[in-house]
Amino acid sequence: LKINDNFKVIAQPGFEVELIDEGKIISFSPINFIGTKNNPIKIYSQYLTKNNGIIVINASGKSKLKFVIFKRLGNLETINWTVPGAVTFYQSPVEIINCNFEDSYSEDSLNIVRSEFKLKNSKFINSNSDAIDIDFSMGSIENIFIKNSRNDGLDLSGSKINASGISIYSSEDKALSIGEGSFLKVNGLIIDNSKVGVANKDGSEGILQNIFFKNTKIQFAGFQKKSEYPPSKTKVSNIN
């Protein structure tokens with residue numbers, strides 16, 4: 001389903017769409033999917049397959065997602081391009097509140113690129129690779145729960161973000177990765193059962209307050225990975 005620009009794309013409580021046989025939604029208009037707690041919207045696939053996700057590209061208005069469940073989606077591929085996210089917002093502002101991203105079969109369950117965003121009260125469960133990947137964007141993150149990511153929990157590149165209330169459980173690589181000149185200020189971070197807790201690199205600055213670690217082999221790693229960037233800076237207070 002391809003939607004050109006200058007449309008209003010609206011889904012109401014209880015709306016469901018199943019993406020089958022590499023079905024995908026590509027929209028150049030903002031999407032407004034507004035469900036309720038008792039009657040959410042569902043975008044899903046019955047099986048774990050690739051190339052059955054959703055992307056919003058160059059939308060002039062803000063997309064709004066509330067009480068939406070995205071389940072068993074994969075990254076999009078066309079003849080001309082491929083994106084890593086099961087759900088992607090590319091140069092398109094977005095507000096995501098009370099949404100669930102489950103069993104994603106993609107490199108990123110959610111990928112936000114060059115966009116202003118708000119991400120609040122949402123869960124990311126069983127991601128095939130990264131749960132959240134934010135690239136060259138600006139926004140806020142509040143009350144996010146991430147569990148069972150086969151790579152990173154939250155991966156930031158070239159972004160500026162204020163955050164609070166992030167809980168990350170069982171990431172197989174880094175729970176929180178800050179890179180490529182990012183700025184992150186976070187108050188309230190729980191990391192449990194991850195290989196690396198916080199990795200800060202390549203000219204990034206992290207200001208981290210009120211942090212709880214459990215079953216984490218390496219709590220903090222700070223380094224310069226790419227020669228074109230200076231070293232990273234990390235300021236930490238109140239660690240348990």
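Select Lys226 and Glu180 to begin: their side chains meet in a salt bridge, with N and O 2.4 Å apart. The model on screen is a predicted one. The two partners come from distant parts of the chain, 46 residues apart. Lys226 sits in the loop between strand E23 (218–223) and E24, and Glu180 in the loop between E19 and strand E20 (183–192). Lys226 counts as partly exposed because its relative accessibility is 30%.

**Other salt bridges**

The count of salt bridges comes to four. Select Lys174 next. Which residues does Lys174 bridge to? One partner is Asp152, with the closest N and O atoms 3.4 Å apart. Lys174 is in strand E19 (residues 174–179), while Asp152 is in the loop between strand E16 (138–149) and strand E17 (154–157), so this bridge ties together parts 22 residues apart in sequence. Another partner is Asp173, where the closest N and O atoms are 3.0 Å apart.

Colour these residues by accessibility. Lys174 is buried, at 17% relative accessible area, and Asp152 is buried as well, at 3%. Asp173 is partly exposed, at 22%. The cut-off explains these labels, because buried means under 20%. Through shared partners, the salt bridges join Asp152, Asp173 and Lys174 into one network.

**Aromatic rings**

Now show the aromatic side chains. The structure holds five aromatic pairs. Start with Phe15 and Phe33: the ring centres are 6.4 Å apart and the planes are at 55°, so the pair is tilted. Phe15 lies in the loop between strand E2 (9–11) and strand E3 (16–18), and Phe33 in strand E5 (residues 31–34), so the pair ties together parts 18 residues apart in sequence. Is Phe33 buried or exposed? Phe33 counts as buried, at 6% relative accessibility. Move on to Phe70 and Phe101, whose ring centres are 5.0 Å apart with planes at 20°, so this pair is stacked. Phe70 belongs to strand E9 (residues 68–71) and Phe101 to strand E12 (residues 100–102), so the pair ties together parts 31 residues apart in sequence. Both Phe70 and Phe101 are buried.

**The nonpolar cores**

Return to Phe33. Together with Ile141 and Leu154, Phe33 is among the residues with the most contacts inside the largest nonpolar core, which has 51 residues. Select Ile141 and look around it, leaving aside neighbours within four places in sequence: its contacts include Phe117, Leu119, Ile134, Leu154 and Ile161. A second, separate core has five residues, among them Ile26, Ile57, Leu76 and Val83.

Select Ser167 in strand E18 (residues 160–171). Ser167 is buried, with a relative accessible area of 16%. Not counting residues up to four places away in sequence, Ser167 touches Ile144, Phe145, Ile146 and Ile190.

Ala59 counts as buried, at 5% relative accessibility. Beyond residues up to four places away in sequence, Ala59 touches Phe28, Ser29, Pro30, Gln91, Ser92 and Pro93. Draw a distance from Ala59 to Phe33: their C-alpha atoms are separated by 15 Å, and the two are 26 residues apart along the chain.

**Last stop: the surface**

Finish with Phe220, Val236 and Ile239, which make a nonpolar surface patch of about 230 Å². Ile239 is in strand E24 (residues 233–239). Ile239 is partly exposed, with a relative accessible area of 48%.

Notes:
Residues are numbered from 1 along each chain as its sequence is written. This is a predicted model: local features need pLDDT of at least 70, side-chain atom pairs count only at pLDDT 80 or more; totals for chains, interfaces and linings use all residues. Side-chain values use heavy atoms; hydrogens and water are left out. Patches are made of residues with over 30% relative accessible area and no salt bridge: like charges are joined within 9 Å, nonpolar side chains (Val, Leu, Ile, Met, Phe, Trp, Tyr) within 5 Å. Accessible areas come from the Shrake-Rupley method with a 1.4 Å probe; for residues, only the protein chains shown count as cover. Helices (H or I, at least four residues) and strands (E, at least two) are DSSP runs, numbered from the N terminus. Buried means under 20% relative accessible area, exposed over 50%, partly exposed in between (1.4 Å probe, protein chains only). Rings of Phe, Tyr and Trp (its six-membered ring) pair if their centres lie within 6.5 Å; planes under 30 degrees apart count as stacked, over 60 as edge-to-face and the rest as tilted. A nonpolar core is a set of buried Ala, Val, Leu, Ile, Met, Phe, Trp, Tyr and Cys residues joined through side-chain atoms within 4.5 Å. Contact means heavy atoms within 4.5 Å.
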